[in-house]
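Hi there,

Here is the structure I promised to pass on.

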Amino acid sequence: STGTTYSDFPSSLSYINYYKGLLKKGYRLAAHMDQDNHEMTFGTANANRMVVLAKDRTRESLVSGIKSMRVYATNDYNAKISFTMDGFVMGSSIKAAENITGTIQHSDADGESLSAVQVYGGKVGGEDAALLHSAIGNTTFPTAQANGETWYYFAIITQEDGNKIVT
């Protein structure tokens, strides 16, 4: 793209089923989004970003965040998401007894609000990820994870303007 006004339409999330399939098989991976841009306009063609949760902007902190999969994909460069399961941040491997609780918090510097929060989860090696919880704003939700089971969770969050965030 040669655009510099964020006008190129963001990703359609066409690979979400592939992402779900890999999680189901037990791969530990995180959502990623960026600009496939071979021009000098990188960063300005659209608002697609991979957000890294890091303590600071040092190389070490950023690499640690990526290796720990504390990342999410977003069509909105200033939306912020906090997704925790029993207080553990996204990307964590949790050994919980059962029935853990998840929390999703969203904020946006432009004041854009949410139109949908969809939380998916599934047992590794089991059925496809199922929609476990839906909300229209910040939310807390229970799970039905049994003791000793390994599950994965992710959210597809939609803002009122249609921009999406995938954890």
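L114 counts as buried, at 8% relative accessibility (buried means under 20% relative accessible area, exposed over 50%, and partly exposed in between, with a 1.4 Å probe and protein chains only). Before going further, please note that this is a predicted model, in which local features need pLDDT of at least 70 and side-chain atom pairs count only at pLDDT 80 or more, while totals for chains, interfaces and linings use all residues. Residues are numbered from 1 along each chain as its sequence is written, and side-chain values use heavy atoms, with hydrogens and water left out.

L114 has its place in strand β6. Helices (H or I, at least four residues) and strands (E, at least two) are DSSP runs, numbered from the N terminus. Leaving aside residues up to four places away in sequence, L114 touches H106, I136, G137, N138, I157, T158, Q159 and E160, where contact means heavy atoms within 4.5 Å. From L114 to K164 there are 50 residues in sequence and 9.6 Å in space, C-alpha to C-alpha.

One of those neighbours, H106, is found in strand β5 (residues 101-108). H106 is buried too, with a relative accessible area of 12%. With residues up to four places away again not counted, H106 touches A79, K80, I81, E112, L114, N138, Q159 and I165. What does the side chain of H106 make with the side chain of Q159? The two side chains make a polar contact at 2.9 Å. For that term, a pair of N or O atoms must be within 3.5 Å; within protein, one must be able to donate a hydrogen and the other to accept it, and residues adjacent in sequence count only if both atoms are side-chain atoms. H106 and Q159 are 53 residues apart in sequence, and their C-alpha atoms are 9.6 Å apart in space.

**The sheet and its helices**

Stepping back to the whole chain, there are two helices and ten strands. Read from the N terminus, the elements run α-β-α-β-β-β-β-β-β-β-β-β. Six strands form an open sheet with antiparallel pairing, in the order β1-β2-β10-β9-β6-β7; two strands pair if DSSP finds at least two bridges between them. The edge strands, each pairing on one side only, are β1 (49-52) and β7 (130-135). On average, neighbouring strands of this sheet are turned by 20 degrees against each other, direction ignored. Axes here are lines fitted to C-alpha atoms, for helices over the stretch in contact, and angles run from 0 to 180 degrees between N-to-C directions.

β1 and β2 run antiparallel and are joined by four bridges, and V51 stands opposite Y72 in β2. On to β10: strand β2 (residues 71-74) and strand β10 (residues 164-166) pair in the antiparallel sense over two bridges. A73 stands opposite V166 in β10, and the bridge partner of T74 in β10 is I165. In a regular strand the side chains alternate between the two faces of the sheet. In β2, V71 and A73 point one way, Y72 and T74 point the other way, and all are buried.

As for the helices, α1 (residues 16-24) lies across β6 (114-123), β9 (151-159) and β10, and runs at about 160 degrees to β9. Helix α2 (residues 59-67) packs on the sheet, where it touches β1 and β2, and its direction makes about 105 degrees with that of β1.

**Charged pairs**

How many salt bridges does a search of the whole structure find? There are two, a salt bridge being a side-chain nitrogen of Lys or Arg within 4 Å of a carboxyl oxygen of Asp or Glu. K24 pairs with D128, with the closest N and O atoms 2.9 Å apart. This pair links distant parts of the chain, as K24 is in helix α1 and D128 in the loop between β6 and β7, 104 residues apart. K24 counts as partly exposed at 25% relative accessibility, and D128 as exposed at 56%.

The other salt bridge joins K123 and E149, with the closest N and O atoms 3.7 Å apart. K123 is partly exposed, with a relative accessible area of 40%, and E149 is partly exposed at 24%.

Happy browsing!
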